Amino acid sequence: MKDKISIYLILIIALFGLAAVPPPPFLETFELKGFSYTTRDIKPYSIKLKILLGYAANPQLKKELQARRSQIRHLVNLVLQGKKYAHVNTVSGKLKLAQDIKTYINKVLMQGKVEEVYFQEFVIN
């Protein structure tokens, strides 16, 4: 009997605990359009990407992202240059790539930070 009550209490706490957690905040996005590169493998693969940068609503950051678009694209290309197929063909590899891109971009931003890098398209041939 006590075991059933304990289980019910745990379920109630879990349900109410999950319901109390707010969803993550909505992020504005900044589109970088398409990137294409060839991996550094003996048998190279062609990779096409469309990238969105997620950031907290901030008009100054939006202007800075627009003004630095060419610099940001350059940074992304530098990150992509040394990648091999093994670096990007897994979920963990893609997450690491997104983190690397975010880190390099955030080093040059003055008005805020990129919080997420979204791959709107990620095609490997």
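Leaving aside its neighbours within four places in sequence, which residues is lysine 48 in contact with? They are Phe35, Ser36, Glu121, Phe122 and Val123, where contact means heavy atoms within 4.5 Å.

The model is predicted, so local features need pLDDT of at least 70 and side-chain atom pairs count only at pLDDT 80 or more, while totals for chains, interfaces and linings use all residues. Residues are numbered from 1 along each chain as its sequence is written, and side-chain values use heavy atoms, with hydrogens and water left out.

**Overall organisation**

The protein chain holds 5 helices and 3 strands. Helices (H or I, at least four residues) and strands (E, at least two) are DSSP runs, numbered from the N terminus. Read from the N terminus, the order of elements is α-β-β-α-α-α-α-β. Of the 125 residues in the protein chain, 30% are buried. Buried means under 20% relative accessible area, exposed means over 50%, and partly exposed lies in between (1.4 Å probe, protein chains only). Among contacts between residues at least 6 apart in sequence, 68% join residues at least 24 apart.

**The sheet**

The 3 strands form an open sheet in the order β1-β2-β3, with antiparallel pairing. Strands β1 (28-38) and β3 (116-124) stand at the edges with a single partner strand each, so one side of each has no neighbour in the sheet. From one strand to the next, the twist averages 15 degrees. Two strands pair if DSSP finds at least two bridges between them. Strands β1 and β2 pair over 9 bridges, and β2 (residues 46-55) pairs with β3 over 8 bridges. Strand β2 is mostly covered, with 7 of its 10 residues buried.

Some bridge partners are listed below.

| Residue | Partner | Strand of the partner |
|---|---|---|
| threonine 38 | serine 46 | β2 |
| glycine 54 | glutamate 116 | β3 |

Helix α2 (residues 59-67) touches β1 and β2, and its direction makes about 155 degrees with that of β2. Helix α3 also packs on the sheet and touches β1 and β2; its direction makes about 45 degrees with that of β1. Axes are lines fitted to C-alpha atoms, for helices over the stretch in contact, and angles run from 0 to 180 degrees between N-to-C directions.

**The contact of α3 with α5**

Two packed helices are described by the angle between their axes and the distance between the axes. The axes of α3 (residues 69-81) and α5 (residues 91-108) come within 10 Å and cross at roughly 140 degrees. The two helices are therefore oblique to each other; angles under 35 degrees count as roughly parallel, over 145 as roughly antiparallel, 65 to 115 as roughly perpendicular and the rest as oblique. Their crossing is right-handed, a term used if the near helix is turned clockwise from the far one by less than a right angle.

On the α3 side, the residues involved are Gln71, Ile72, Leu75, Val76, Val79 and Leu80, which meet Leu97, Asp100, Ile101, Tyr104, Ile105 and Val108 in α5. The residues of this contact divide into 10 nonpolar, 1 polar and 1 charged. Here Ala, Val, Leu, Ile, Met, Phe, Trp, Tyr, Cys and Pro count as nonpolar, Asp, Glu, Lys and Arg as charged, and the others, Gly among them, as polar.

**Individual residues**

Lysine 48 is found in strand β2 and is partly exposed, with a relative accessible area of 46%. Its C-alpha atom is separated by 5.8 Å from that of phenylalanine 122, 74 residues apart along the chain.

Lysine 33 is found in strand β1. Its phi is near 60 degrees, a positive value in a residue other than glycine. At 53% relative accessibility, lysine 33 counts as exposed.

Tyrosine 45 lies in the loop between β1 and β2 and counts as partly exposed at 24% relative accessibility. Not counting residues up to four places away in sequence, tyrosine 45 touches Tyr37, Thr38, Thr39, Tyr85, Ile124 and Asn125. The C-alpha atoms of tyrosine 45 and tyrosine 85, 40 residues apart along the chain, are separated by 6.8 Å.

Proline 25 is found in the loop between α1 (2-20) and β1, and its 62% relative accessibility makes it exposed. Between the C-alpha atoms of proline 25 and tyrosine 55, 30 residues apart along the chain, the separation is 10.0 Å.
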